[in-house]
Every structure is written in C-alpha cells, then in structure tokens.
Amino acid sequence: MDKEKVLVIDFGGQYNQLVARRVRECNVYCEIYSYKTPLDKIKEMNPMGIILTGGPNSVYVDGAPTAGKELFEIGVPILGLCYGAQLMNHVLGGEVKKAEAREYGKTRTLINKKSVLFENVGDSIDPRESYADVLSEKERNNKSFDEKDTLVTQVWMSHFDYISKMAEGFEAVAYTENCPVAAAENIEKKLFAIQFHPEVLHTLDGTTILYNFVRNICGCTGTWRMDTFVEGAVKSISEKVGNGKVLLALSGGVDSSVLAALLSKAIGKQLTCVFVDHGLLRKDEGDEVEKIFGEEGQFNLNFIRVNAAERYYKKLRGISEPEQKRKIIGEEFIRIFEEESQKIGKVDFLAQGTIYPDVVESGLGGESAVIKSHHNVGGLPDTVDFKDIIEPLRDLFKDEVRKVGLELGIPEKLVFRQPFPGPGLGVRIVGEVTADKVRIVQEADHIYREEIDKAVEEYKIIYRTEPEWKPDQYFAALTNMRSVGVMGDERTYDYAIALRAVNTIDFMTAEASGIPFNVLQTVMSRIINEVRGVNRVFYDLTSKPPGTIEME
Ligand code: XMP
C-alpha cells in the first residue's frame with residue numbers, strides 16, 4: 001500500500017474524477033470516497049490531506065450533503081473546492097448566500113501571490129496582460145489585499161452561492177468582480193477554500209495550485225509513479241497467481257491490452273488470452289491485434305484468435321433494434337468465450353480490465369454514481385470454471401493505464417487509441433448489420449481517420465501545436481438511408497455515410513468538432529470515389545446531449 005495518500009471526498013459534482021486525476025498527475029496517490037464515509041474510516045486511512053469536492057447543492061438547504069465540524073479538527077490539511085469551500089465555511093461558522101447572478105466560465109481573478117496556495121502561479125502570459133493594478137469598480141469593492149501582492153490569473157467558475165462571510169481565522173487570498181472570496185485560507189489550522197475549479201484546464205494555473213496543496217502543504221513527496229506501479233503490480237500478481245493459470249478476454253482495446261502485457265510480464269505463459277474477432281472491428285484491426293499479441297509478437301503468452309464474423313452476421317440477420325443488436329453481440333461473445341475456455345480446461349483466475357472510473361461509477365467509490373447504460377462485450381461468463389478474479393488495473397485512471405502501457409512497450413498507436421465500443425461497428429451501422437454494410441463502414445472510416453490524422457499532423461508542423469478542433473473521438477457510421485444520386489451518367493441508389501467527430505472531456509457530454517471544411521470535403525470526395533455503395537456523406541453536428549456519441 002502506498003503510504004502517501006490524499007482522500008477526495010465526493011459531494012456529487014461533475015468534475016470529481018478530474019480532481020483525483022489532477023492530484024495523481026502530481027505523483028500523489030488519491031482515492032475518491034462519498035461524503036457519507038464515517039469519520040473513523042477517514043481517520044483510519046491515515047490520509048496526508050483531504051480535498052472536498054464541488055457539488056450541485058446549497059449548503060444552507062435542509063438535507064444538503066454535509067460534514068461534521070470534527071472533520072476539520074483531525075489535523076491534516078483540508079482543501080475545499082466550490083461546494084466544498086462553501087461547506088467548510090458554513091460548518092465553521094461563516095455565511096454562504098445565493099448571489100444575484102451565477103458566475104460561470106473563464107473568469108479574471110486577482111490572487112495574493114504571498115499565499116502558499118499560489119506559489120509559482122503567475123508566470124504564464126494570457127490574462128495577466130490585463131494589469132493587476134487596474135481594477136474595475138466591482139473588483140475594487142471586493143479588494144482584500146495589497147495591490148503590490150496582487151497577480152491576475154484566469155480561473156474556471158461555476159457557482160450561484162458564494163461565501164459572504166468567512167469563518168473565524170480565515171483570510172481571503174483571491175477575489176473576482178462578483179466574488180469577494182474566490183479563495184481563503186486559515187494557515188494555522190491548515191484549511192483552504194477555493195471557490196473556483198482548479199481541476200478544470202481553463203483554470204490556467206490549476207495544476208500548480210493543486211500541486212502546492214498536495215506536495216507543499218500536505219507534504220507528499222510524490223511516490224505515485226507508473227514505473228514503480230509496474231514493479232509492484234508484477235510482484236503482487238506473481239505472488240497471488242503462483243503456478244496458477246490465468247484467462248483473459250482480450251479485445252484489443254487499451255485496458256485489456258495493457259492488462260495482457262502486464263500479466264505477461266508477471267506470469268508469462270501461465271496466461272492465455274482469448275481474442276474474439278466478431279467481424280465488427282475497424283479495418284485491419286483483428287490482424288493488428290494478432291501482430292502485437294500473437295505468436296510473432298513481443299509478448300510471452302498464449303494467444304487464441306477466434307474468427308467469428310460469420311457466426312455474428314448470421315445471428316444479427318434481420319435484427320435492426322439497437323438494444324437487441326447489443327444484446328446479441330454481448331451474448332454471443334460470452335458463448336464463444338465459454339467454448340474456448342472449456343477447451344483450455346480449468347483455470348485458476350479470470351483477469352478483468354476494470355479501471356478506477358469503473359469502480360467509482362459502479363457506486364463503490366464516490367458520490368456521483370453514473371451508471372453506465374452500455375456494457376463491454378466481455379461481461380462475466382458464469383459457466384467458466386475459475387477460483388478468483390484478478391483486476392490489477394483497478395486503481396488506475398485511463399491516462400495512467402496508458403502510461404503503464406508505454407512502460408510495458410505496447411506500441412503508441414494502440415496505447416493512444418480512441419475509445420471503441422464493445423459492440424463495435426454493430427452500433428455504427430444503423431439498422432440491420434450485413435457483411436456488405438460492415439465493408440462499407442470499415443472503408444469509409446479508414447479514409448476518414450487517415451485524413452483527420454493527416455490534417456492534424458500538417459497543422460502541428462505549421463503551428464507547432466495541436467489544432468483546437470482535434471477531435472477526441474471520430475469515426476464514420478452508416479446511416480440506414482439510401483437515396484438517389486448521379487455518378488458519371490448513371491443514376492445511383494446508395495447509402496449515406498455519417499461522419500462523427502466530437503470534443504469532450506469525459507464522454508458524458510460532447511460537442512461536434514469544428515473540423516475545417518476543406519478537410520471534410522477531401523474526406524467526402526475520397527469516400528464517394530473509393531467506397532462502392534456510398535453516394536452521400538453527412539457531417540453530424542449534434543452535441544451530446546441531446547445526441548449520443550455513437551449512432552445507436
Ligand atoms: P455514447 O454513444 O453513449 O458513448 O454517447 C459514450 C462513449 O462510450 C462509448 N460507447 C461504448 N463503449 N461499449 C463500450 O465499451 C458500448 O456498448 C458503448 N457504447 C458507447 C462511445 O464510443 C463513447 O466513447
């Protein structure tokens with residue numbers, strides 16, 4: 001167990017996993033717990049510091065999530081963010097009120113550079129071009145420290161309520177036009193309150209501020225690193241597995257691939273990976289997975305590839321209802337996995353690529369339980385004979401899983417792969433799935449991804465930075481619509497491809513990416529010219545909500 005641990009106490013805000021990820025980026029291990037966690041349990045965990053997150057409630061309303069006064073007396077540094085900041089003040093005798101207007105978005109904030117929270121803040125350019133000694137009238141009203149100690153920074157605000165009176169012993173160390181206490185500290189008691197969201201990237205110095213808290217104020221030295229994680233995980237997997245056999249359903253996605261590489265390092269040929277190619281993968285993907293993990297690949301493990309495309313297409317014939325398609329794809333996977341594992345015989349452990357967001361979202365971690373409405377293909381087969389489950393990636397966020405993947409020598413292309421749904425192209429083909437429709441969507445998607453990647457690379461060469469429009473996920477889907485077109489002198493009656501590209505932080509909300517029109521035009525003309533059966537290309541502008549990212 002890592003000795004240095006910070007606890008993130010979850011009050012239900014939308015950025016709470018982000019808080020934990022940013023803390024981990026400071027090489028400090030942290031875990032998320034609900035605000036309902038008893039104080040004794042918190043003390044038992046012996047944290048070096050505690051962060052109280054934001055949340056959607058108002059502290060002064062009956063029944064709002066709260067914390068006992070005793071929490072603030074256990075002697076470890078505590079940082080309250082947004083709701084957490086208001087709660088800290090409310091519980092300790094301050095006052096929180098509803099403001100006349102919501103303060104939302106990127107906000108110019110004046111900070112006291114003498115505060116330990118703001119060490120090293122203030123050396124980047126942007127909003128500091130606006131002078132700290134030129135205050136607006138509203139800012140002047142909220143001014144609470146000397147101009148010569150003042151720096152300007154940009155933060156991300158999202159609140160209605162504000163701290164109208166600080167609890168005893170607190171001093172304001174930041175303010176904005178609309179918020180007299182954008183940050184406050186009680187140095188003696190090591191209590192800190194921040195109204196804004198340092199975890200959001202729009203807070204330009206957010207990571208520095210969190211670093212100051214966990215490293216300088218809490219005194220963590222930064223022992224959480226992925227190379228040491230690999231060492232520790234290899235050791236504990238070997239101890240747990242002993243001479244046993246481990247079975248893993250490898251999908252070729254980031255999590256199961258990293259897991260395969262990690263297990264291979266720990267137990268070599270005691271591991272068997274079953275890779276089911278359901279014929280709904282992207283172009284050439286099955287072969288790419290085999291190249292990395294198969295006989296010719298770099299990893300020491302047993303690899304079984306099952307080519308089940310025909311079997312899936314047969315099951316999916318005539319089915320167009322999305323949920324039914326998902327169910328069939330999931331069930332078929334379990335059947336195949338069971339058949340294969342019966343051939344292998346008894347195994348001791350089943351390995352699962354569970355990662356920390358799965359733990360939190362299934363309600364075991366924090367408060368903001370988001371129950372996933374979709375499942376990966378590899379649910380838990382109940383007839384496979386095994387003693388126990390191992391989940392070595394259970395404590396890691398996705399970006400940490402990727403770092404582990406790089407440590408283990410998995411090719412970057414796989415490690416930084418964009419998300420791909422378990423049911424694969426099955427949810428990117430609207431209506432019935434057929435072999436021909438799979439071909440169409442695979443080819444169109446391949447062209448689309450090739451052109452986007454090329455445009456991003458070109459942009460990077462010219463501007464030395466990534467384009468703002470660079471999508472976090474992008475793919476082609478096949479609509480079920482056929483329409484009349486004309487090619488040469490011929491009338492056509494073919495399918496329409498929909499191009500999807502989104503920018504998102506958490507895949508829970510998303511916006512269509514602003515891909516330059518000329519790039520879209522190139523993609524369109526290549527698809528029409530190169531993919532037989534397509535005569536129209538649409539770009540999907542829908543945000544999520546109300547849309548979803550996938551088509552079905
Ligand atoms: P939606 O379509 O729900 O997608 O907006 C959000 C994110 O989840 C991925 N997704 C899935 N992933 N199994 C998965 O493993 C699924 O059934 C599934 N459906 C959607 C989607 O690609 C996006 O990143």
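Me: Glu457, buried or exposed, or something in between?
Reply: Glu457 is partly exposed, at 41% relative accessible area. Buried means under 20%, exposed over 50%, and partly exposed lies in between (1.4 Å probe, protein chains only).

Me: What kind of model is this?
Reply: It is a predicted model: local features need pLDDT of at least 70, side-chain atom pairs count only at pLDDT 80 or more, and totals for chains, interfaces and linings use all residues. Residues are numbered from 1 along each chain as its sequence is written, and side-chain values use heavy atoms, with hydrogens and water left out.

Me: Back to Glu457. Which residue does it form a salt bridge with?
Reply: Lys460, with the closest N and O atoms 3.4 Å apart. A salt bridge here is a side-chain nitrogen of Lys or Arg within 4 Å of a carboxyl oxygen of Asp or Glu.

Me: Where do Glu457 and Lys460 lie?
Reply: Both are in helix H14, 3 residues apart, about one turn of the helix. Helices (H or I, at least four residues) and strands (E, at least two) are DSSP runs, numbered from the N terminus. An α-helix has 3.6 residues a turn, so residues three or four places apart point the same way.

Me: And Lys460, what is its relative accessible area?
Reply: Lys460 has 29%, so it is partly exposed. Lys460 also forms a salt bridge with Glu466, the closest N and O atoms being 3.8 Å apart. Glu466 is partly exposed too, at 41%.

Me: How many salt bridges in total?
Reply: The count is 37. One of them pairs Arg449 with Asp445, with the closest N and O atoms 2.9 Å apart. Those two are 4 residues apart in H14, so about one helical turn separates them. Asp445 is buried, at 2% relative accessibility.

Me: What sits on the surface at Ile461, Ile462 and Tyr463?
Reply: A nonpolar patch, with about 380 Å² of accessible area together. Tyr463 belongs to H14, residues 435-463. Patch residues have over 30% relative accessible area and no salt bridge; like charges are joined within 9 Å, nonpolar side chains (Val, Leu, Ile, Met, Phe, Trp, Tyr) within 5 Å. Accessible areas come from the Shrake-Rupley method with a 1.4 Å probe, and for residues only the protein chains shown count as cover.

Me: Switching to H1. Why call it largely enclosed?
Reply: Because 8 of the 10 residues of H1 (residues 16-25) are buried. Among them are Leu18, Val19, Arg22 and Arg24. Just after H1, Asn27 takes a positive phi of about 65°.

Me: How many disulfides?
Reply: The count is 0, where a disulfide is a pair of cysteine sulfur atoms within 2.5 Å. For Cys82, the nearest cysteine sulfur is that of Cys179, 9.4 Å away. Cys82 is buried at 5% relative accessibility. Cys273 is buried as well, at 0%.

Me: Now the whole chain. How many helices and strands?
Reply: There are 15 helices and 18 strands. Of the 552 residues, 55% count as buried.
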